[in-house]
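The sequence and structure come first.

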Amino acid sequence: MLRSILKRVGYMLIVVWVVSVMAFVLMRCAPGDPTATMLPDTATEEQRAALTAELGLDQPYIIQYLRYMKGLLMGDLGHSTQYNQPCATIIAQRLPATLCVSLISAVIVLFISIPVGVISGVTRGSMTDFAMMFLVVILQSMAVVWVCVLLLLVFVVKLDWLPSMGYYGLAKPQYLIMPVIAMGYRMCAQVARMGRSSMIDVLNEDYITCAYARGLSKWEVYSKYALKNSLIPVITIYGLQVAAMLAGAVIIEQIFTIPGIGTMLVSAVNNRDYPMVQSSLIVTAAMFSLVNLVVDIAITFIDPRIKEV
Amino acid sequence: MQGKIMLRRILRSKQFMMGLLLVLVLCFIAVFADQLAPHDPNEYHPDARLQAPEWFERGREGYILGTDSTGRDILSRMIIGAKSSMKVALLSTFLSLALGTVLGIIAGFRGGILDIIIMRATEVSMAVPTMTLGVVIMAIFGTSIVNLLIVMVISFWMNFARVARNEVMSIRNREFVQASRALGATSAHIMFTQILPNVTTSLIICTSNCFGSVILVESTLSYLYLGVQLPTASWGNMIAAGKDFLAIAPWTVIVPGIALMIAVMGFNFLGDGLRDVLDPKQTR
């Protein structure tokens, strides 16, 4: 057990390291001079050269890389050229907003999608199942930008119930409603679908037939035998989706102007703040891998049949 | 006999028929986009800005789905949008399919260190979210079709690689593979002429689903004007352009959104339908 967990942690570190190398290479290939945005247009050649030297950009790539790696190992993600602050500080400021919206969304999704999936699965072929799965297909086919804009159209323009943008944390939850819906609707559909098919798979197993043969009622079979086993693949998908959500909320944050990691990335890219772009790539990859790792480990504890991860 | 069973399954699967129909219509529109568009999609009509669709009171004849904020015909732009989306989807999906399948088969068949390396590579691709990668590459290196394809392939190849690898692992020790080897076949021959035909079912299903996902990603990137290059219409950039006129001209965003939904739904139905048809034992 411990060995397989250690192996997983090792793999995760490799993944994050590869992403960091990729980020480094990408930023070095990027066109444009990073000092251009830091200095006023009137800056002289000498000032520019001095800044380049100060940032270490005149060194050979290998020295730059070693410095960068040394910094990373010591928790230093670099220095943002746009804010003139350490990247880690800015990420720490931006992270709570992203976490807040995605975690609320993740919890709500859990409470909606699993019951929908389970009910759909056990009533396979019924009207309820058909209606729910029809809705799921519709939700899965809607583009996220379109959903955001439709939410704005309905709740802001037509009904005038919600504020259109902004973020004030949990203090003003009305600002969170639309981002949470936009973040969760697709995931909800995917998890519900997975829940349904996994329930159907489990109900076809021999031990379910056996349980019926022993005279257990339908609901006893569902709750005692089918539910737990059917949830295992669902948790895997759910974990993957939460991980992706934490890392990939660029567009939703942009539309609803939430000061999270996504908006930070867009502004860093627009301002050619390469250290910031580099560190947001690394941080998102690390978050994604970490959540995945936690889910994988959790699954091994829940499902004793999985020995080797 | 085989064909007959297949045909019966095809006719019985409503999802497949529905998906096939939608996808064929979409392909038709995409291929004949230039002929089908009633107006020039990029032509400005300053006197006809934000016209409502024809059946509305304020509608203007000749502009069936209305016009956008610069007076361009929405129907024509929607039709051209189908072409842009399909072009990106087709190229990205097949490049991802090719790369993912080759690497997946190698990983599954060879195993060992190659398998470990390729599987870690899939994890790396998964760890960088598509939108993050898209924003970084497209904004810094420029919005060209090549960069867009790079983003898409990096984001989607691993789905195919994982599917191919798992399938290959389950059949690589079967008798026909051993027989080939005993007859002196090279690894490459076994991988691509013996094993590949046996993993196509899952890959076909995966391909259909990938189309839908690529269309969605493309629309999101285009919304940020980082996808299909302006002024070419794409459903994503149509939504972005209409967003500012949401209150007075909601059709400018509703129309491209519906087009997007129908396209993605078509591919999703087709994928599920193909699964019913090709692999009826599996429920998902």
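Two cavities of 30 Å³ or more are counted in this structure, which is a predicted model. The largest cavity has a volume of about 40 Å³, and the second largest cavity has about 30 Å³. The second largest pocket has a volume of about 690 Å³.

**Largest cavity**

- Residues of both chains line the largest cavity: Val19(A), Met22(A), Ala23(A), Leu26(A) and Leu281(A), together with Val128(B) and Leu133(B).
- Helix α1(A) gives the most to the lining of the largest cavity, with four residues.
- By class, the lining of the largest cavity has seven nonpolar residues, no polar and no charged ones.

**Second largest cavity**

- The second largest cavity is lined by Ala247(A), Val250(A), Ile261(A), Gly262(A), Leu265(A), Ser280(A) and Thr284(A), and by Thr132(B) from chain B.
- Two elements of chain A, α11 (261–270) and α12, each give two or more residues to the lining of the second largest cavity.
- The largest share of the lining of the second largest cavity comes from α11(A), with three residues.
- The lining of the second largest cavity divides into four nonpolar and four polar residues, with no charged ones.

**Second largest pocket**

- The lining of the second largest pocket has 25 residues, and Arg28(A), Leu55(A), Leu57(A), Pro275(A) and Gln278(A) lie nearest the centre of the pocket.
- Three helices of chain A each supply at least two residues of the lining of the second largest pocket: α1 (2–29), α3 (61–73) and α12 (274–302).
- Seven residues of the lining of the second largest pocket come from α3(A), which gives the most.
- By class, the lining of the second largest pocket has twelve nonpolar, eight polar and five charged residues.

**Aromatic pairs and a charge over a ring**

- Over all chains, the structure holds ten aromatic pairs.
- One of them joins Phe24(A) and Tyr65(A); the ring centres lie 5.2 Å apart and the planes stand at 75 degrees, so the pair is edge-to-face.
- Phe24(A) belongs to helix α1 of chain A and Tyr65(A) to helix α3 of chain A, so this pair ties together parts that are 41 residues apart in sequence.
- Phe24(A) and Tyr65(A) are both buried.
- In chain B, the rings of Phe28(B) and Phe32(B) have their centres 5.0 Å apart and their planes at 50 degrees, so that pair is tilted.
- Phe28(B) counts as partly exposed because its relative accessibility is 47%, and Phe32(B) counts as partly exposed because its relative accessibility is 38%.
- A cluster of Phe24(A), Tyr65(A) and Tyr68(A) is linked by ring pairs.
- The charged end of Arg120(B) sits over the ring of Tyr11(A), at 3.5 Å from the ring centre.

- Most residues other than glycine have a negative phi.
- Thr257(A) is not a glycine, yet has a positive phi near 45 degrees.
- Thr257(A) is placed in the loop between α10 (250–255) and α11 of chain A, and is partly exposed because its relative accessible area is 38%.
- Tyr225(B), also not a glycine, has a positive phi of about 60 degrees.
- The place of Tyr225(B) is in the loop between α10 (200–223) and α11 (235–243) of chain B.
- With a relative accessible area of 38%, Tyr225(B) is partly exposed.

**Chain B as a whole**

- The secondary structure of chain B has twelve helices and zero strands.
- Chain B has 284 residues, of which 53% count as buried.
- Taken along the principal axes, the C-alpha atoms of chain B fill a box of roughly 75 × 50 × 30 Å.
- In chain B, 71% of the contacts between residues at least 6 apart in sequence join residues at least 24 apart.

Notes
Residues numbered from 1 in each chain as written. Chains lettered and ligands numbered in written order. Predicted model: local features only at pLDDT ≥ 70, side-chain atom pairs only at ≥ 80, totals over all residues. Heavy atoms only, no water. 1 Å grid on protein atoms, 1.4 Å probe; cavity = no way out; pocket = protein on both sides within 12 Å on 5 of 7 lines; lining within 4 Å. Points joined across faces, edges and corners; volume = space filled by probe spheres on them. Nonpolar A, V, L, I, M, F, W, Y, C, P; charged D, E, K, R; others polar. Phe/Tyr/Trp six-rings, centres within 6.5 Å; stacked < 30°, edge-to-face > 60°. Buried < 20%, exposed > 50% of the residue type's maximum accessible area, 1.4 Å probe, protein only. Lys NZ or Arg CZ within 6 Å of the ring centre and 35° of its normal. Contact = heavy atoms within 4.5 Å.
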